[in-house]
Every structure is written in structure tokens, then in C-alpha cells.
Amino acid sequence: MFQYIFKRLLLMIPTLIGAAILIFFVLRLIPGDVCELRLAGSGLYADPEQIKLCRDNLGLNDPILVQFWDFIFGFLTFDMGESMWTGRAITYEIGLRFQLSLQVAVMATLVAIFIAIPLGTISAVKQNTWIDYFVRAFSIAGIAMPSFWLGIIIILGLLISTQAMFGEPWMPPIQYVSPFEDLWANLSQLIWPAVATGYRYSAVATRMTRSALLEVLREDYIRTARAKGLVEKLIINRHALKNSLLPVVTVIGIEFAFLMGGLVVTEQVFNLNGLGKLFVESVLNQDFTLTQALVMVVVTVFVFTNFLVDICYAWLDPRIRYA
Amino acid sequence: MAKLLEVEDLQTQFFTSAGVVKAVDGITYDVEEGETVAVVGESGCGKSVSALSILRLIPDPPGRVVGGHIKFMGQDLATLSDEDMRTVRGRQIAMVFQEPMTSLNPVLTIGLQITETLQQHLNLNKEEANARAVELLGKVGISDPDRRLKQYPHHLSGGMRQRVMIALALSCNPKLIIADEPTTALDVTIQAQILELMKDLTRELDVALIVITHNLGVVARYADRVNVMYAGRIIESGTAEDVYHYPRHPYTLALLRSVPRMDQPRKAKLDPVQGQPPDLTKLDKGCAFRPRCNFAIDKCTSNGPVLETIEKGHTVACWQHEKLLNALETA
């Protein structure tokens with residue numbers, strides 16, 4: 001088991017190196033740069049001298065390998081320099097948003113798990129009954145509905161219903177408050193985006209749970225469990241569910257990592273200052289340092305989530321544990 | 001001896017898109033206490049389905065028991081609630097399946113899979129159940145049972161897993177064990193061991209056994225009675241002695257001739273049963289075996305033969321059984 005974990009940890013290194021190389025060079029293939037955007041972005045005339053000066057200042061005129069070395073060294077020492085656009089420290093820019101994005105992602109994952117596993121299980125056990133049809137419709141709707149749209153509906157619903165109930169509309173707070181400062185204010189802001197994204201997320205996981213469980217329920221060992229006269233609850237919870245969770249864990253892992261950097265539109269709808277929004281801005285501004293740092297953060301989250309997923313595999317399936 | 005299990009006119013059908021498959025089409029037999037009954041036949045003749053029907057383990061849909069009665073110790077199993085049926089499964093009637101590689105749950109320890117049954121049926125606490133599991137594993141010839149309890153199925157070989165399955169079946173002292181081709185997936189040497197084990201244990205513990213097999217060699221070794229099935233029906237039934245030495249149905253005869261025998265000269269050619277088993281969705285009222293039968297007459301097409309008793313304890317469903325006897329004597 002220890003060896004397995006260690007191997008997985010080692011495997012993270014080449015992935016990170018590959019991602020670093022890829023993002024560094026791909027970014028530089030895009031025409032234009034941050035200095036042109038900064039000085040001539042609005043279509044005004046820019047002095048070529050000034051652009052050159054700006055590039056010199058930002059280190060964009062250094063040999064490319066030197067720039068690459070700066071980037072890698074910065075990443076290894078957790079000092080990723082300043083944003084090329086705002087000039088503020090990148091750790092500051094990211095740190096400001098990381099906590100929020102992480103919290104939304106964790107909450108959405110919890111929402112998804114609490115919806116998906118019970119619903120998927122019921123749906124599989126009661127296959128082709130009205131419960132199953134209902135769950136399937138519910139999850140199809142979740143996949144079909146864009147979460148930003150659901151977000152808009154949630155906000156409108158909140159406004160209208162609070163208006164009707166209390167006479168004046170209530171909006172979730174806009175300013176992010178750390179949960180350690182004021183849990184209530186924090187949750188009343190973040191629960192809505194978590195539900196909006198968690199619903200779509202749960203829809204995928206519900207369908208995965210259902211189909212995996214249906215497959216497992218046809219296995220020989222389930223027939224053995226029935227022949228032993230076990231109660232149905234034990235057959236499902238102990239014998240079937242554990243075997244069918246592997247694909248579900250995979251989906252949950254991938255979705256979680258995606259939520260960390262991919263919630264661009266939902267963040268817009270709920271006016272959240274998260275990583276997704278920062279990501280888009282940094283790319284539009286051709287802010288190399290910030291984009292690189294963000295990519296590395298998201299890749300690290302991805303790799304680490306996959307590591308956790310692998311650990312879950314080993315925990316669920318002894319054949320992986322002892323291999 | 002008292003009758004333990006009475007199967008009466010059991011009919012199990014599968015409702016598929018290709019039509020209704022009459023997998024079991026009216027079979028009747030008894031099992032007495034402590035007796036070993038063999039059910040023999042080709043693949044797809046309804047042996048396994050008849051066994052699963054007894055425990056109500058036929059997946060529904062597509063399958064369903066559509067007729068007949070199964071009485072266990074005088075009680076009709078079809079009338080039991082699901083709750084009561086659960087107390088029969090594993091406790092009174094246990095089952096050993098064909099595929100030891102897939103019949104144990106890969107993610108649970110051997111110990112848990114044995115003790116959960118004990119805890120369910122016998123209300124043992126954890127220590128008692130563990131002690132009993134160790135005892136059971138020892139009984140089925142698994143060395144170092146304490147360590148095995150903590151292992152997972154993939155640590156064990158096929159033969160070992162089948163031993164675990166037997167231990168599981170024996171765990172709650174059932175009255176009847178149904179073994180569905182218990183040795184088919186095993187090596188020949190292991191097959192013999194497993195059979196010996198089952199024979200010894202069922203005799204020692206006085207458990208009745210229904211053993212389902214397509215291997216006539218197996219049956220010879222230890223069945224008290226043999227039911228030969230073809231196309232969902234029992235076509236011959238008798239003591240092992242009767243069926244082996246005085247077969248009265250052409251199918252039984254053909255099966256016997258298709259098995260290599262030690263007492264025949266080495267050059268003797270095997271004589272496989274010609275043709276294919278019939279499509280169970282397209283059975284007519286005639287005898288299902290007649291297209292493959294060397295003794296068929298016109299009557300076989302118009303009227304299906306019914307089981308008749310030709311001597312005490314020996315029944316056969318064939319219009320030509322007299323002729324078969326003559327053929328055997330002249331051969």
C-alpha cells in the first residue's frame with residue numbers, strides 16, 4: 001500500500017513538468033503580447049520605444065530559455081513573480097481567489113455526492129419503476145441545463161420569493177467572507193453557486209452510479225449473496241455499491257478538478273471573484289506569468305485529485321491495493 | 001425416509017424478444033433426506049434454471065416460474081414472503097455455483113463473506129462467527145484458516161475458492177445443498193478432490209445434495225438417483241445403477257456412449273450425440289429428441305411420450321423403451 005502511494009506520488013512529477021513545458025511554449029505562440037495590449041490596446045498609437053522598454057522591463061526580450069528557467073525556478077520556489085498586467089504579486093492575485101474557488105468546488109462536490117449516490121442507487125435497485133424514471137429525468141435535466149442558467153434562475157427565484165415573503169428582495173452577499181470569519185455570511189453567498197454547479201455535476205455522477213450498479217447487480221457474486229439469504233440492504237450496500245463506486249469516483253475526481261478553474265460563466269453570474277474569471281482575464285491580457293501560474297495551479301489540483309482518486313481505488317478494491 | 005424436497009410439474013419460462021423460452025417444462029422429482037440426486041443433461045437443457053427456480057433466484061424479468069409447486073419440508077416455497085424465503089436461502093437450502101472465480105465478491109475478505117451469513121442466520125456474534133468460519137475452512141481442507149479469513153478471493157486458486165464456496169454452503173447446517181456444476185470450471189485433478197470433499201461432507205453431515213452436471217462420470221461416483229434432462233424435461237430417472245447399466249431412453253444411451261470409458265478397449269471410437277439441442281422457443285407436442293434419435297417412429301412426432309414407470313424407481317419417457325432394451329441385449 002505504501003509502495004503504491006509512493007509510486008503515484010512519483011508519477012505526479014513528469015505530469016507537472018510536461019504541463020509546464022506545454023503551457024510555456026504554447027502561450028508564446030500566440031501573436032501579440034502584453035505590452036502591445038497595455039500600450040496600444042485601445043487602438044491608440046504606441047511608441048515602439050516604449051513597447052521595447054516595457055518588454056525589457058518584463059523580461060520578454062530575454063532569451064527564451066532564460067525565461068523558461070525563470071518560470072520553472074519560480075514555480076519550484078513558490079515565487080512566481082508579478083503579474084505582467086497588474087504588477088501585483090502572483091501569489092497575492094491567486095491567493096485572493098483560490099480559497100473561494102476551492103470552497104465552491106468542495107461544496108459542489110459534496111452536493112453532488114449527496115445527491116448522486118443515493119439517487120443512483122435507488123434508481124438502479126428500482127429499475128424501470130416510476131422512481132427510476134423520475135431520477136433519470138431529474139439527471140437528464142441536470143445534464144441538459146447549463147449551470148449558469150440555473151444560477152440565474154436561482155437568483156431570480158431568491159429575489160422574487162424573498163420579495164413576496166418579506167416585502168423586500170434579498171440577495172446573497174457579493175463580498176467574499178472567509179468561512180472562518182463569518183460562516184453564515186460565507187455560506188449564504190456560496191451555497192447557491194455550489195448548488196447550481198453541484199446539480200449538473202450530480203447528474204453525471206447519478207447516471208454513472210446507476211449504470212455501474214446495474215452492471216454489478218448482474219454479477220455472480222450478487223447471486224451468491226442472494227443465495228446466502230442476506231437482507232437486500234446488505235447486498236446493495238456491502239456487496240454491490242463498493243464494487244460499483246470505482247467509475248463514480250473517477251467522474252467525481254475529474255469534475256472536481258474541472259471546477260477549480262473552469263467555472264468561468266457561473267462565477268460571472270454569481271459575481272464571484274474566482275479563479276475562472278482570473279484565468280480568462282489573464283489569457284485575454286496575454287499576461288504570461290499569471291496564465292502560467294494559473295495553469296500550474298490547476299494542473300497541480302488535477303494531478304493531486306487524480307492521486308486521491310487512485311488512493312480511493314486502492315481503498316475500494318483490494319486487487320489494486322495488492323497489485 | 002422422509003421427503004425433503006418435492007418438485008412437482010415445475011415450469012419456468014423466459015420471456016425474450018425472440019419468444020417464450022420454455023427452459024423448464026414441467027419437471028417432477030423428489031429428494032429425500034440425506035440423499036444425493038444428480039441432474040444430468042447437455043448445456044441449455046434447463047438444469048441450472050430448475051435449480052435456481054427452487055431458491056427463487058431466477059432473474060425476473062425476463063424469467064418467471066409459471067407453474068408447478070416446490071415443496072420443501074412440506075411447505076410450498078412459492079407462497080413464502082420474501083422475508084421468509086430469505087430464512088430458507090443459505091439456512092435450509094444452500095447453493096454452490098459453477099464459477100468459483102466470479103461467485104465470491106472480489107472486494108470483501110473471505111472471512112467477512114462467511115461470517116456475514118452466520119451472523120444473518122444464526123445470530124452469532126463476531127467472535128463466534130469467526131471461530132465457526134475457521135472451523136469450516138478447516139473442514140473443507142483449507143490450510144492455515146486463520147490467515148485465509150483475512151485474505152481476498154484473488155489470493156486463492158479456483159479450487160480453493162470452490163472449497164470456500166462449499167464451506168459457505170455448509171456454514172448454517174442446511175438440509176439441502178444444490179451444487180450447480182461445481183467442478184466444471186476446475187482442473188481435472190481438482191475436480192476429483194472437490195467431488196470427494198462434497199461426497200464426504202454431505203454423508204458426514206447428513207445433508208441432501210442435488211448435483212447438477214453434464215459429466216456422467218461425476219454422477220457415477222456418488223449419486224443415489226439420476227435424473228436425465230432434455231429440453232426442459234426429465235426424460236429418464238432412476239438409480240445410478242439403472243441409468244448407467246440399463247438406460248432405457250435413447251438420449252441417455254447416446255450420452256453414455258459419448259463418454260470415454262476405462263473398461264473399453266483403447267481403440268473404441270467415441271460416439272457423440274448427433275445434431276443440436278432443439279430451440280426451446282419452438283417446441284411442438286412431439287418428442288423433443290426425435291430429430292436426433294435413431295429409434296424414432298411416427299408416433300414420436302404426433303404424441304410426446306410421457307414418463308412411465310417401467311420398473312420400481314425407474315421411469316422413462318420414450319415410446320420405444322422396449323425396443324431399446326432389446327437393442328441393448330443384442331449389442
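A residue is called buried if 20 or more other C-beta atoms lie within 10 Å of its own, exposed if 12 or fewer, and partly exposed in between, with the C-beta atoms placed from the backbone. Helices (H or I, at least four residues) and strands (E, at least two) are DSSP runs, numbered from the N terminus. This is a predicted model, in which local features need pLDDT of at least 70, side-chain atom pairs count only at pLDDT 80 or more, and totals for chains, interfaces and linings use all residues. Residues are numbered from 1 along each chain as its sequence is written, while chains are lettered from A and ligands numbered from 1 in the order in which they are written.

Q: Why is helix α1 (residues 47-54) of chain B called largely enclosed by the rest of the structure?
A: Eight of the eight residues of α1(B) are buried, so the helix is largely enclosed. The buried residues include B:Lys47, B:Val49 and B:Ile54. Just after α1(B), B:Arg56 has a positive phi of about 55 degrees.

Q: What makes A:Ser178 buried or exposed?
A: A:Ser178 has 12 C-beta neighbours inside 10 Å, so this residue counts as exposed. A:Ser178 sits in the loop between α7 (147-166) and α8 (183-217) of chain A.

Q: Which residues does A:Ser178 touch, not counting residues up to four places away in sequence?
A: They are A:Gln99 and A:Asn186. Contact here has a cut-off: the C-beta atoms of the two residues, placed from the backbone, lie within 7 Å. The C-alpha atoms of A:Ser178 and A:Leu100 are separated by 8.1 Å, and these two residues are 78 residues apart along the chain.

Q: What makes strand β3 (residues 36-40) of chain B mostly covered?
A: Five of the five residues of β3(B) are buried. B:Thr36, B:Ala38 and B:Val40 point one way, B:Val37 and B:Val39 point the other way, and all are buried. In a regular strand the side chains alternate between the two faces of the sheet.

Q: How do you know that β3(B) pairs with strand β8 (residues 208-213) of chain B?
A: Two strands pair if DSSP finds at least two bridges between them. Five bridges join β3(B) to β8(B), and the two run parallel. B:Thr36 stands opposite B:Leu209 in β8(B). Strand β9 (residues 225-230) of chain B also meets the definition, with four bridges to β3(B), again parallel. Here B:Val37 stands opposite B:Arg225.

Q: How many residues of chain A are in contact with chain B?
A: 19 residues of chain A are in contact with 23 residues of chain B. On the chain A side, α9(A) gives the most, with six residues. By class, this side has seven nonpolar, four polar and eight charged residues. Ala, Val, Leu, Ile, Met, Phe, Trp, Tyr, Cys and Pro count as nonpolar, Asp, Glu, Lys and Arg as charged, and the others, Gly among them, as polar.

Q: Where in chain A is confidence lowest, and where is it highest?
A: Confidence is given by pLDDT, the predictor's value for each residue, from 0 to 100. The lowest mean, 75, belongs to helix α2 (residues 34-40) of chain A, and the highest, 93, to helix α6 (residues 130-144) of chain A. The mean pLDDT of chain A is 86, and 98% of its residues reach 70 or more.
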